[in-house]
Amino acid sequence: MIIASGKWAEQFELEVKTSALRQAASAQVLGLRGMVEKHDFLPYAAARHPDVQDLLRSPQDRAIQQRVNAYLADMRETTGASALFLIDLKGLTLAASNWNLATSFVGKSYHRRPYFEDALSGKRGLFYGLGLTTGESGLFIAEPVRALGSVIGVVVVKISLEPLQRAWMRGGEPVVLRDSRGIVFLSAVPEWMFHSMHPVSPVDERWIVEHAQYGARQRFDVLPWETETPRGMDSFVLRTKVNGKRANLLALDTPLPELGWTLTVTSDMKEVVQARQAAFALTALAVALALVGIMYWRLREKRFKEQQSARVELERRVEERTRDLQEAHAFQKAMEDSLSVGMRARDPEGRIIYVNPALCAMVGYSAEELLGCSPPYPYWHPDDLEKQARESDAALQGRAAPHGFESRIRHKDGHDVITMVYTAPLVDAQGLHRGWMSSVVDITAQKKAESRQREQELRLQLSARLASVGEMASTLAHELNQPLMALSNFAMAARALAAQGPSDMLSGALDEIVEQSKRASDIVKRVRGFIKPQRALYEKVPIATIISHTEAQLRPEQQRHGISLRVTLGDDGALVQGDRVLLEQLLLNLVHNAIQAVQDLPTQQRCIELTSARIEHAVRITVADHGPGIPAEHLDQVFTPFYTSKADGLGLGLSICRTIAEAHGGAITVENRSAGGASFSLTLPTVP
């Protein structure tokens, strides 16, 4: 029983700490993804700048080079990136944001960098490593520069993760980030840096050295970790050294598949050990009390039988009975002295007439100091004298609570002890009331355990509130991404046009900036409407207007990817009661997902059908594509927050769509088409 209770307490504490680790890991992953996504658009935008493409065609033109240098430096200053630079097809840097520094990238060759090789093949490059020029670590994101369908160069942005590492080092619990080969490249514990979870294969070592991922390092020792995975847990126990001291940690791995990294968060195992020890102590005490009670009952039975036998042969066995009583009394005294529960007897006036060693150890006074004392007793707490006097009077008058009462006493050396006191009448063998017998149990450790549990619950409530704040922040980040991207593109276009002089195109670009700014402001107002529904602005809106506005906003992206959008209105006069901006945003998300699903298909298959039809007192809008569809086992998860099949997605788009639909009294469903592709249906109630 004792062992089982200890294991149960240990398992319970492990589950509580694992749950807290999951929440901490979610917050860290959200921060990492946010840091990457903040700069993800930079190389894409820079690759489409006219001066960038002109410099790749005319690398000897110093005037163009100076403009590109200034443009990249301005983008770096605005976005907070570490560096931006432009590379030609041979890997030679033509322009960089740090062109005027001693560590300038201009003229340096980066042809052996993996991100350059990926971008040169037309893919988006992503690579973490030490810089060849500066020796400083960072995350490199590369985007190919295309002209007339061909790659003519590469734009690269470098992001520093050192602020994140410094924040980890200031924290109380170690955090570790590993690459796909198990090598630690970011850690709150410096001595773990550039160590591996397992021996690195010769092939991987050659690849790392060839691409100089971690500078001149050619060896990656195995981490000094000893791990053990508890049964039924996704966390594991980690035994190692931190700052030269032995440490037992509970750790949890969280993969980031889109980056090829694994995040490990840890927490000290001290609370788990304390919970197990407290369970051992309490269970042992309960078992000891039960055993003592059984032994005491058996002793009384034995004495009763002996007394009956003595009455029959009283005169013949007086001497023998006296000897037996003496032995029994000695045995009883030995039992009372061995009890871990304090025992105290008082006469009807409240004078102490008996104490056992356990009570003396509990209060710090000897039996000689306690026997004969009347209230107030020397171990009463000076702050609770009135309360303890009332409780003592109630016990002496036979009004003590049958389930006991809690009492705080003061040990002779000055520290406080919390006890539970149980009082019963003291009756002698003749049935006469001789006073009161009290048992005193030390529950100080139990009270401390309860206090720790309350503190843990408060921390869990705080983590839940932080998770709610994180989800709302992620919602805003997802919904504002499109208008902010458009604002950035139009602003850069306007800057380029302004340099060429006033024109109608410049005026149009500025109008688009104003329109996208208003749209971003409307999105923020609508998201605030979700928090306080009384702020929502609902009106009668024609379905045809919502569809036409959505089609107009998506037309540039359709043309860029060569995708056709076929619109069929079954009832163009249908009206719904709702928020026009939110409904357009919902439909925009559905069509944008369909564009991503078909953009890699052959040109003749890049088609999306958008239809509407009246069904009784509602209207159904369907967005269907010819893409790969959704795996059957994932159909019930697509509307779950943070579920995504995209490498760079947050997993919030469809969750937000469902929230908007339900806020308007409607519903949204998804199914796979028999001819291939997926079909999303939005049903909204109509109004007269």
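User: Which residues do ring pairs link into a cluster?

Analyst: Tyr115, Phe127, Phe140 and Trp207 are linked into a cluster by ring pairs. Rings of Phe, Tyr and Trp (its six-membered ring) pair if their centres lie within 6.5 Å; planes under 30 degrees apart count as stacked, over 60 as edge-to-face and the rest as tilted. This is a predicted model, in which local features need pLDDT of at least 70 and side-chain atom pairs count only at pLDDT 80 or more, while totals for chains, interfaces and linings use all residues. Residues are numbered from 1 along each chain as its sequence is written, and side-chain values use heavy atoms, with hydrogens and water left out.

User: How many aromatic pairs does this rule give?

Analyst: The count is 16 aromatic pairs. One of them is Tyr115 with Phe140, at 5.0 Å centre to centre and 10° between the planes, which is stacked.

User: What does the pair of Tyr115 and Phe140 tie together?

Analyst: Tyr115 belongs to helix H4 (residues 114-120) and Phe140 to strand E4 (residues 137-147), so the pair ties together parts that are 25 residues apart in sequence. Helices (H or I, at least four residues) and strands (E, at least two) are DSSP runs, numbered from the N terminus.

User: Are Tyr115 and Phe140 buried or exposed?

Analyst: Buried means under 20% relative accessible area, exposed over 50%, partly exposed in between (1.4 Å probe, protein chains only). Tyr115 has 0% and is therefore buried; Phe140 has 3%, so Phe140 is buried too.

User: Why is the pair of Tyr128 and Trp261 called edge-to-face?

Analyst: Their ring centres are 6.0 Å apart and their planes stand at 85°, so the pair is edge-to-face. The pair links distant parts of the chain, with Tyr128 in strand E3 (residues 125-130) and Trp261 in strand E11 (residues 261-268), 133 residues apart. Tyr128, at a relative accessible area of 5%, is buried, and Trp261 is buried at 6%.

User: Where does the charged end of Arg113 sit?

Analyst: The charged end of Arg113 sits over the ring of Phe140, 5.7 Å from its centre. A charge sits over a ring if NZ of Lys or CZ of Arg is within 6 Å of the ring centre and within 35 degrees of the ring normal. Over the ring of Phe194 sits the charged end of Arg217, 3.8 Å from the ring centre.

User: What percentage of the residues of the chain count as buried?

Analyst: Of 688 residues, 43% count as buried. The secondary structure of the chain comes to 16 helices and 23 strands.
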